[in-house]
2 protein chains.
Amino acid sequence: MHLSTRGRYGVRALFELARRYGQGPVPLREVAEAQNLPENYLEQLMAPLRKGGLVQSVRGAQGGYVLARDPAQVTVADIIRLLDGPIGPETDREATGTPSVADGVWEAVRRAITEVLEGTTLADLCREADRRARQGYMFYI
Amino acid sequence: MHLSTRGRYGVRALFELARRYGQGPVPLREVAEAQNLPENYLEQLMAPLRKGGLVQSVRGAQGGYVLARDPAQVTVADIIRLLDGPIGPETDREATGTPSVADGVWEAVRRAITEVLEGTTLADLCREADRRARQGYMFYI
DNA sequence: GCAATTCTCAGTGGTAAACTCGGAATTCGC
DNA sequence: GCGAATTCCGAGTTTACCACTGAGAATTGC
């Protein structure tokens, strides 16, 4: 069971925008450098995030991306849904049309994942980063 | 986020063995028919399940597969681990070597999933199937 | 010995992930 | 207005894995 890098990259990119919230547009190049992500690939990920209303883009020189809402109002679930689609496993009924006795398990898994992802906001991640920084971890990613 | 069919098929196959626990070896053909799964493919899935000690095989005529332990002692997590590998998403640290502020989220997701999957046994699924049967659902899968 | 099985291994086709690239469109600073 | 910095868009590439098929060897009950 493997989570795609899309989601992981997206969360880190938006975390970077969250850190700089209120400081004007951030060009992708800086996001990519700060978070050590492939810039060209990141570009692909921004389209759904923009269309989904999580970020706003500013074109042209001195342009870049801005978080569209307050970091406390953006959950990790929001990001994952836009980049990876529906959260959690499909049930057998959804996948094949035929219900199975295990469907309840897959539904419970989905609920459990959703709960965690909806319970974490970009503001939480920023707080966590601050906490680590104060404790001497120099990783700001 | 898409769960492979390997895990889903495996759970249904072992559920079928659980239903018939104590009735001698069940040939794959019957498992495949009862659960409507491709037999040849199922064959592939049985190897890791056997090597992992969840089932025992009986070769030759009148042979088949037998659940190696009581259905109450086999969790869905056991099955998924053997067929799909480690449960849940990798952290950024595990995937890339560089820790990230989001690692805590991925770990929490992993714990949540694990908790659900370890909390469900084949015996639970059998009970659920009985319950459904009594309520008139004729699906025994 | 024959038929029913599992076991092993070698494919195969499709699909998606994880990028890369080139160029068009936009906008700021000068 | 020009040039540089950007986003935007679409296409292509490589790699890997998934889901599945098939053939034949090994094993065993009757």
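This is a predicted model: local features need pLDDT of at least 70, side-chain atom pairs count only at pLDDT 80 or more; totals for chains, interfaces and linings use all residues.
Figure 1. The pairing belongs to strand S1 (residues 55-58) and strand S2 (residues 64-67) of chain B, which run antiparallel and are joined by four bridges. Five residues lie between the two strands of this hairpin, and B:Gly60 adopts a positive phi near 85°. B:Gly60 is also among the residues that come nearest to DNA strand D.

Figure 2. Strand S1 (residues 55-58) of chain A pairs with S2(A) through four bridges in the antiparallel sense.

**Figure 3. The protein surface near DNA strand D.** H3(A) supplies the largest share, four residues. Sorted by class, the surface near DNA strand D holds nine nonpolar, 11 polar and six charged residues.

**Figure 4. The protein surface near DNA strand C.** The element that gives the most is H3(B), with four residues. By class, nine nonpolar, 10 polar and six charged residues make up the surface near DNA strand C.

**Figure 5. The axis that relates the two protein chains.** Chain B is superposed on chain A by a rotation of 180° with 0.0 Å of shift along its axis, at an RMSD of 0.1 Å. The two copies are thus related as by a two-fold rotation axis. Within chain B, B:Ala112 has the C-alpha nearest the axis, at 2.9 Å from it.

**Figure 6. The contact between chain A and chain B.** Chain B contributes 34 residues to the contact and chain A contributes 34 residues. On the side of chain B that touches chain A, the elements giving two or more residues are helix H1 (5-19), helix H4 (76-84), helix H6 (103-118) and helix H7 (122-134) of chain B. H6(B) gives the most to this side, with nine residues. By class, the side of chain B that touches chain A comprises 21 nonpolar, six polar and seven charged residues. Of the interface residues of chain B, 100% are also interface residues in chain A, so the copies meet through the same surface.

**Figure 7. The largest nonpolar core.** This core has 70 residues, and those that touch the most other members are A:Leu14, A:Leu17, A:Ile113, B:Leu14, B:Leu17 and B:Ile113. When residues up to four places away in sequence are not counted, A:Ile113 touches A:Ile87 and A:Gly88 in chain A, as well as B:Val109, B:Ala112 and B:Ile113 in chain B.

**Figure 8. The surroundings of B:Arg111.** B:Arg111 is placed in helix H6 of chain B. This residue counts as partly exposed because it has 14 C-beta neighbours inside 10 Å. B:Arg111 and B:Ile87 are 24 residues apart in sequence, and their C-alpha atoms are 9.0 Å apart in space.

Figure 9. Chain A contains seven helices and two strands. From the N terminus on, its elements follow the order α-α-α-β-β-α-α-α-α. Along the principal axes, the C-alpha atoms of chain A fill a box of roughly 55 × 40 × 25 Å. Of the 141 residues in chain A, 38% are buried. Among the contacts in chain A with a separation of 6 or more, 59% are between residues 24 or more positions apart.

How values were computed:
Residues are numbered from 1 along each chain as its sequence is written. Chains are lettered from A and ligands numbered from 1 in the order in which they are written. Copies are superposed by least squares on the C-alpha atoms of residues with pLDDT of at least 70 in both. Two residues are in contact if their C-beta atoms, placed from the backbone, lie within 7 Å. Ala, Val, Leu, Ile, Met, Phe, Trp, Tyr, Cys and Pro count as nonpolar, Asp, Glu, Lys and Arg as charged, and the others, Gly among them, as polar. A residue is buried if 20 or more other C-beta atoms lie within 10 Å of its own, exposed if 12 or fewer, and partly exposed in between; C-beta atoms are placed from the backbone. A nonpolar core is a set of buried Ala, Val, Leu, Ile, Met, Phe, Trp, Tyr and Cys residues joined through C-beta atoms within 7 Å. Two strands pair if DSSP finds at least two bridges between them. A residue is near a molecule or strand if its C-beta atom, placed from the backbone, lies within 6 Å of it.
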